[in-house]
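I opened this model to look up a few local features. My entries follow in the order I took them.

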Amino acid sequence: MLDEGEIQGTPDGGLERTPGDAVGERLGRAPGDAVDERLERTPGGAVDERLERAPGGAVRREPSRQPTAPYLEAVSAYGFRGSTRFHVPGHKGGGGADPGLFAALGERALLLDLPQDIEGVDVGPSPTPFERAEQLAAEAYAASHAWFLTNGATQGNHALCLALAPLGTRILLQRNSHASLIDGLVLSGGLPTFVLPEYDDELGMAHGVTPEALEQALARADGELPQARAGAAGLPRAAFIVSPTYYGMAADVAGCAEVAHRAGIPLVVDCAWGAHFGFHAQLPASPLALGADAMLASTHKIVGSLTQSAMLLVSDSGRVDADAVARAVRLVRSTSPNALLMASLDAARRQLVVHGEALLDRTIRVAARARAAIDEIPGCTTVGADFVGRPGIAAWDPLRLVIDVRGTGCTGYEVAAALRASYDTYIELATHATMVLVLGLGQPVEPLERFAHDLGETVRQIARPIGSSLITRSPAPVAHQTAVTPREAFLGASEAVAVDDAIGRISCESIAGYPPGVPTLLPGERVTAEVVAYLRELTAAGARLHGAADPSFRTVRVLRGVPAGAAGTPPSAGSTTA
């Protein structure tokens, strides 16, 4: 027996009102109000279904569109129906392909390799199947707009810089943001102000930015305002942070959003490693659900679209101009986007929304068993939930297996190499202290279950007495002096000089020791004796220099014709110190 005011089902699966006309209380509306609003959302915030009134006042359920994949279905329909093709690409659906390529990819993949502007796919009455696919992606993440990207999250970072950091304006970004953000500033002519992430000295791991650090960075920028106004750069127009990290550690996105919004600027989250966030109760929430105004999702990394595909999502907060982002996306998008990549995004979104919770549930349970088995291996310890609550870590991703191997007396590089040699097993990342395994949405169970055995045998064979556990000191004390914009440094004439001769000169390259993965030198920054000493310290400790034109760090590329100590062409807002 239903209480008055509850909703009961009709035989055909619809909904009708019980006596008392009390649908409003259940839906958050007053009695008598029309019902035409979203009833519930999927774990990621997707619209699951709508209610509308049928004749006679009964409430009917409109089925969710999330189980459909309109772009994938349209591409498949055209690709397999046998249409005569007098358009690109030249392999003509496989008939003109190299036999080796045909054997490697197969006929079906080549038939689906379609160009842009096919009637009924991405051309025709609006919304086209392609437009509907992007709309469904936006709904899946509770965003107002979504863009399919075929050059990875890199393309999204370029577009966001063009939209939010036009020529001469400033943005605040996490110091260890993806290199594509600096590249985006090269394209846009914007200026960076940096905020450092938290750092684990022993493991050599950079974590997230704390709300307190973000607030302090904004206060420093405010203190520089008179100088900034003199150069017309002003305060940062947006804040960019990374969450989760490569190691699966999620920042306090909600707290950072509050700080950014109090300052009147949007928060953009590089969630490249967390496209699955929000789709299971044991995962962190999606950044947009926590108040972020835009986010990047590298759908291929964990959710399972094809490599190089990603999504850019903007919330309905109004803090990020979706029209400006759309123009920027068009600027950096190929006019020959890969249909296979975009179809894979459509399919991955469908699987994430419809079956993601079940798939994630299985993967999380198997991962927990694998962690327990790895923790039994002498010298190995998994890193995860016990880190939550440390500075810069508000949550963690159980689809990342981070293994501290210091107790084996070997580096992560050595253990990873031994796994490759003995078992043909390849991991995502090795560092001096750790190894990182990335699990997929629907991770195959058997290889994960046997990994602990393979790792245990490997460690048994190569373990040795434990050495020093300290990997590298925190990069926090290193001051970074910005002399010119990244754009000026990248596009300017450069030359390679000996490292000691580069002191006082302006860098034209980005150099980050890994670990810790935090850039020590970026284009436009001055090479100082402190920077050189720190980079040498990193290499002596076993770190590798990512981005360096000369990985041995004997030379560095600097601006030609700008002598040591000269200001060059100063950026609009002067120097910054992270």
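**Entry: Ser177.** I looked up the contacts of Ser177 (contact means heavy atoms within 4.5 Å). Leaving aside neighbours within four places in sequence, Ser177 touches Phe240 and Val242. Ser177 sits in the loop between β7 (170–174) and α7 (179–188). Helices here are DSSP runs of H or I with at least four residues, strands are runs of E with at least two, and both are numbered from the N terminus. Is Ser177 buried or exposed? Its relative accessibility is 11%, so Ser177 counts as buried. The cut-offs are under 20% relative accessible area for buried, over 50% for exposed, and partly exposed in between, with a 1.4 Å probe and protein chains only.

**Entry: ground rules.** I note that this is a predicted model: local features need pLDDT of at least 70, side-chain atom pairs count only at pLDDT 80 or more, and totals for chains, interfaces and linings use all residues. Residues are numbered from 1 along each chain as its sequence is written, and side-chain values use heavy atoms, with hydrogens and water left out.

**Entry: the whole chain.** I find 18 helices and 25 strands in the chain. Of its 578 residues, 54% count as buried. I also checked contacts with a separation of 6 or more: residues 24 or more positions apart account for 70% of them.

**Entry: α2 against α5.** I took the helix pair α2 (residues 70–80) and α5 (residues 129–140) next. Their axes are 7 Å apart and the packing angle is about 155 degrees. Axes are lines fitted to C-alpha atoms, for helices over the stretch in contact, and angles run from 0 to 180 degrees between N-to-C directions. The two helices, α2 and α5, are therefore roughly antiparallel to each other. On this scale, angles under 35 degrees are roughly parallel, over 145 roughly antiparallel, 65 to 115 roughly perpendicular, and the rest oblique.

Which residues make the contact? From α2 they are Pro70, Tyr71 and Ala74; from α5 they are Pro129, Phe130, Arg132, Ala133 and Leu136. By class, I get seven nonpolar, no polar and one charged residues. Ala, Val, Leu, Ile, Met, Phe, Trp, Tyr, Cys and Pro count as nonpolar, Asp, Glu, Lys and Arg as charged, and the others, Gly among them, as polar.

**Entry: aromatic rings.** I find four aromatic pairs in the structure. Rings of Phe, Tyr and Trp (its six-membered ring) pair if their centres lie within 6.5 Å; planes under 30 degrees apart are stacked, over 60 edge-to-face, and the rest tilted. One of the pairs is Phe130 with Phe148, edge-to-face, at 5.9 Å centre to centre and 90 degrees between the planes. Phe130 belongs to helix α5 and Phe148 to strand β6 (residues 145–149), so this pair ties together parts 18 residues apart in sequence. Phe130 is buried at a relative accessible area of 12%. Phe148 is buried too, at 1% relative accessibility.

**Entry: a three-stranded sheet.** I looked up the open sheet with the order β23-β22-β24 and found antiparallel pairing. Two strands pair if DSSP finds at least two bridges between them. β23 (519–521) and β24 (544–546) stand at the edges with a single partner strand each, so one side of each has no neighbour in the sheet. The twist averages 40 degrees from one strand to the next. Strand β22 (residues 511–514) and β23 are joined by two bridges. Ala512 has Pro519 in β23 as its bridge partner. Helix α18 (residues 529–540) lies across β22, β23 and β24 and runs at about 135 degrees to β23.

Entry: Most residues other than glycine have a negative phi, and most peptide bonds are trans. I looked up the exceptions below.

- The Ser126 to Pro127 peptide bond is cis, with omega near 0 degrees. Pro127 is in the loop between α4 (107–111) and α5.
- Ser243 and Pro244 are also joined by a cis peptide bond, with omega about 5 degrees. Pro244 is in the loop between β11 (239–242) and β12 (249–250).
- Lys92 has a positive phi, near 55 degrees. Lys92 is in the loop between α2 and α3 (99–105), and is partly exposed at 37% relative accessibility.
- Gln308 has a positive phi of about 90 degrees. Gln308 is in the loop between α11 (299–302) and β15 (310–314), and is partly exposed at 40%.
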